[in-house]
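I opened this model to look up its fold and its surface. My notes follow in the order I took them.

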Amino acid sequence: MMEQKRRKILTAVAGISFIQGLQYCVAPVLEQIRQHFPDTAVSLVQMLITAPALLAMAVAVISGWLVVKVSKKKMLVVAGFLAGVLGFVPLLADDFRLLLLSRTLYGIPLGLATALNTAVVADFFEGDERVSAMGFQAASVGAGMVVVTTVGGMLGAGDFTHAYFINVIGFISMILIAVCLPDTGSVQTGGTEKITLNKKVFQVSAFGFLEFFFLITFTTNIAMHISGGLAGNSQVSGILTGIFSGAQILIGLVLAYLTKKTGKYTLPTAMLSFCAGGILMILFPENLAMLIAGAVFCGFSQGVFIPTAMVEVADSVRPAAAAMGSACFTCAMCMGQLASPVILNKAAELLLHEVNTKNVYIIATAGMAAAAAGAVLWKRENKDKKSMNK
């Protein structure tokens, strides 16, 4: 591939990734929103981040089928436009219901971007170059989250509604996709080239559900978790979520090297990284240095897990089914994010007798450790089966 064409495609991938990053645009100001709407349940406030997953699941599946009718480029241009428009809708009225509705509808561009980003990489890159490109994608998602959360935190320091202006990124991404992404047209199927999935897609997706069921607790709880002199500071929570995102940039750039070192156990390694971060957040809620270290470990978890899982999914199906495989994994991620606040808050109440961020992190850390153990056993079983078949 010509270097100029490669750079343009990667620029488009970055634009798509920034649309995904907008999911966290309200993360730094969640505590201010909670205080502004005191009669609203905490779980509903947290769902401002997770609610987009509701629509994203359906949209991801639909996009997996639409690729045979509409080009990926056209769908992604629409995604950028919708992300920008919906981000400004809450400015129309001081109403939590309108805010929640706009965040829920953001699931449309989120579902398109998440499902099709991997399919775009699969279209233009193969082999080790695909792993590197997926690492760049993960780094781009991290970069998007850094910009969204840190700038959003600064904008919302005086008035949380000012954080909504960060959604101008949606329009910028729309332009980058329109200019830089080649239009490959709709996917052609026929003969043996059918949109079918296999067992491995669903297995990887199941672990994706668990990863994001526990991982999303970092973003939904961090603004309310910091205590002592740090409590209530949207800039500090913005910095922490920005560092969480920045860690994904770093790990994405060295993903190819990391996957060679961890081999078949890259996914459980990513899960255990969250456990390390969770322990630090549980023990040191007043210590900024320890919270930063915890954010780094949690960011590493997401930055390693998503691209590795997406590569495994894309490599296990035929090219025509890459978008649908990615959509299946996206649905699993979204289901995990959507279910997390309500279920984990209830689990904290039942098991630890109080709903607070510390107890949620304790349950999430323990649950992720169990999920990592399950992933190790799954990888070992698959390895043994391959050895027996040789």
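I took helices (H or I, at least four residues) and strands (E, at least two) as DSSP runs, numbered from the N terminus. By that count, the chain has 17 helices and 0 strands. I then checked the radius of gyration, which is taken over C-alpha atoms, against the globule rule of 2.2 Å times the number of residues to the power 0.38. The chain has a radius of 20 Å, close to the 21 Å that the rule gives for 390 residues, so it is as compact as a globular protein of that length.

I noted that the model is predicted: local features need pLDDT of at least 70, side-chain atom pairs count only at pLDDT 80 or more, and totals for chains, interfaces and linings use all residues. Residues are numbered from 1 along each chain as its sequence is written, and side-chain values use heavy atoms, with hydrogens and water left out.

Next I looked up burial (buried is under 20% relative accessible area, exposed over 50%, partly exposed in between, with a 1.4 Å probe and protein chains only). Of the 390 residues of the chain, 56% count as buried. Ile 362, in helix 17 (residues 357-389), counts as partly exposed because its relative accessibility is 31%.

Last, I looked at contacts, meaning heavy atoms within 4.5 Å. Among those between residues at least 6 apart in sequence, 84% join residues at least 24 apart. I also recorded the box that the C-alpha atoms fill, roughly 60 × 50 × 35 Å along the principal axes.
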